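I am opening my notebook on a new structure. I will look up a few features and write down what I find.

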Amino acid sequence: MDPQPVNDFLRRLESTVGAANVLTDDGDLAPYLVDARRRYKGSALCVVRPASTQEVSRILALCHEAGVAVVPQGGNTGMCGGATPHADHTSIVLALGRMNRVREIDPLNGTISVDAGCTLAAVRAAAAAAGQLFPMSLGSEGSCQIGGNIATNAGGTAVLRYGPMRDLVLGIEAVMPDGRIVNAMKALRKDNTGYALKHLFIGSEGTLGVITGAVLKLFASTAADAVALVGLGDIDAALSLLHHMQARAGGRLTNFEVISGGEYELVMKLPKGLHDPLTARHPWVAIVELTDSDPEAALDDELATIVHEAMENGTVQDAVLANSKAQAELIWAIRHSVTEANINAGLSFSHDTSVPVSQVPAFVRDVERRITERFPAALPVFVGHVGDGNIHAVVVVPRDSAEAQDVEATAAAINAVVDEVAISLGGSISAEHGIGRSNRARLRAYLDPADLALMRDIKGLFDPKGLMNPGVLF
Ligand SMILES: Cc1cc2nc3c(=O)[nH]c(=O)nc-3n(C[C@H](O)[C@H](O)[C@H](O)COP(=O)(O)OP(=O)(O)OC[C@H]3O[C@@H](n4cnc5c(N)ncnc54)[C@H](O)[C@@H]3O)c2cc1C
């Protein structure tokens, strides 16, 4: 756009949201133009910060009329560069952070209605204040927003019990690229009235419209919990333990995370010096957690019995049960230090694969073998939410190795190996992080061409001018 039309366009945005909420100074724009992993740096005409759905509607109508692209941005914690604009200085960033109102809590219906710009932590806190639980929990929950969680169909550690975002959303409000408002803020658990439009917005990564509100499911709050760290001989033992725990604890099994021995070692090497609660190192460890809404539930005893049974039958080699909240936090600190450990260890290439739970051992073994054969300097390690088949294969290469010199080429070669194994086992190349900008080529290789064409048709129907988050997904 020429300077004069740009200035006119900016003035019209200012008259919609107020001059203070149209950012154009380089310093103000900077945090919105870089992704969480610092892999993408973009440029934008401005950042606009609306305070209501009506304002979003007017902004999108203006952009539609002027042919300006829109990049919706929540907490900017996404892993795939999906909230970062192109560097060509033709789009605006629409930052939802001012839309942070909890609209309504209905305890008897078990629902909370919120603005899309509420942080996940704020929604969890509002639910807790009402004596209920919103179960999604991510390492980024202080910053990431409900709109971003929905747009990425986020997962996290509690998917095993409560499902991903797609299972937690009852209703959605969204603004179409031309400014029309889709009001599907239904607080219903049953609603068979044609196509469920909300499901198109869930996982759409800002390519179909802007999510402005949602009705989310609440659950009984957790009043008792028990955590254990167990040592395992191999990944098959992890699956046996999972199966055993599901049979014995049923729905109380809330978390089942696995960490390979190599990854565990990297965490323990961190300069911050985490305490290793186990007496010896093991090829794999699992962090398991039971929770219950009954404060009288004797979960420590139940977990001790289940783990003891698994030791007796040879599934578990070693175990520590947390005997206090502080000790449980120490165990979880190991899991939450994985990303830091990988950065500390070298250049890491991580993957967000899911496979059928029964295929996790085959995935791990095949990736390990193929990566070691092809990249002798590389260390393949694994961490994941094995209860839902989501296993992150991380390939760490020393910064001074040949592989580290051409990062793009190495990433493509490693991705190809991991994706090939995943696809051969009926898996997916993206379990919970999405496609964004980083994984577009991989999506093309993964999806059936007919599915991809249908997706493009849907995109064209919602966004015929191609203004919503161009370059993401497609
Ligand atoms: C430390 C850390 C831990 C993490 N752990 C997990 C994890 O365990 N599981 C997991 O799934 N993810 C995890 N993530 C990734 C990230 O937090 C999630 O993808 C999260 O859902 C992104 O939310 P956000 O608000 O930050 O979205 P953003 O990063 O701002 O945006 C992500 C995508 O959603 C779109 N978008 C954002 N808001 C809207 C909206 N209102 N309407 C339409 N489109 C929108 C953007 O355009 C972009 O395409 C983690 C990230 C970090 C940094």
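First, a term I need: helices are DSSP runs of H or I with at least four residues, numbered from the N terminus. I also note that this is a predicted model.

Entry 1: I looked up Asn469. I found Asn469 in the segment after helix 17 (449–462). Its phi is near 45°, a positive value in a residue other than glycine. Is Asn469 buried or exposed? I counted 32 other C-beta atoms within 10 Å, so Asn469 is buried. Next I turned to His89. Phi of His89 is near 60°, also positive, and His89 is not a glycine. His89 sits in the loop between strand 3 and strand 4. It has 12 C-beta neighbours inside 10 Å and therefore counts as exposed. The cut-off I used for exposed is 12 or fewer.

Entry 2: Four strands make an open sheet, in the order 1-2-4-3, with mixed pairing. Which strands stand at the edges? They are strand 1 (22–23) and strand 3 (69–73). Each has a single partner strand, so one side of each has no neighbour in the sheet. I then followed strand 3 to strand 4 (residues 91–95): the two run parallel and are joined by five bridges. A reminder for myself: strands of a sheet pair through backbone hydrogen bonds, either parallel or antiparallel.

**Entry 3: the cores.** The largest nonpolar core has 128 residues. Val230, Ala238 and Ala286 have the most contacts inside it. Helix 9 (residues 235–249) gives the most to this core, with eight residues. I checked the contacts of Ala238, leaving out residues up to four places away in sequence. Ala238 touches Leu232, Val258, Trp284, Ala286 and Val386. Another core, of five residues, lies apart from the largest one. Its members include Met79, Cys80, Ile435 and Leu473.

**Entry 4: two helices.** I looked up helix 10 (residues 261–268) and helix 13 (residues 338–345). Their axes come within 8 Å and cross at roughly 80°. Angles of 65 to 115 degrees count as roughly perpendicular, and helix 10 and helix 13 are therefore roughly perpendicular to each other. Which residues of the two helices meet? From helix 10 I listed Glu263, Leu266 and Val267; from helix 13, Val338, Ala341, Asn342 and Ala345. By class, this contact has five nonpolar, one polar and one charged residues.

Technical notes: Residues numbered from 1 in each chain as written. Predicted model: local features only at pLDDT ≥ 70, side-chain atom pairs only at ≥ 80, totals over all residues. Pairing = 2+ DSSP bridges. Core = buried A, V, L, I, M, F, W, Y, C linked by C-beta atoms within 7 Å. Buried ≥ 20, exposed ≤ 12 C-beta atoms within 10 Å, placed from the backbone. Contact = placed C-beta atoms within 7 Å. Axes fitted to C-alpha atoms, helices over the stretch in contact; angles between N-to-C directions. Parallel < 35°, antiparallel > 145°, perpendicular 65-115°, else oblique. Nonpolar A, V, L, I, M, F, W, Y, C, P; charged D, E, K, R; others polar.
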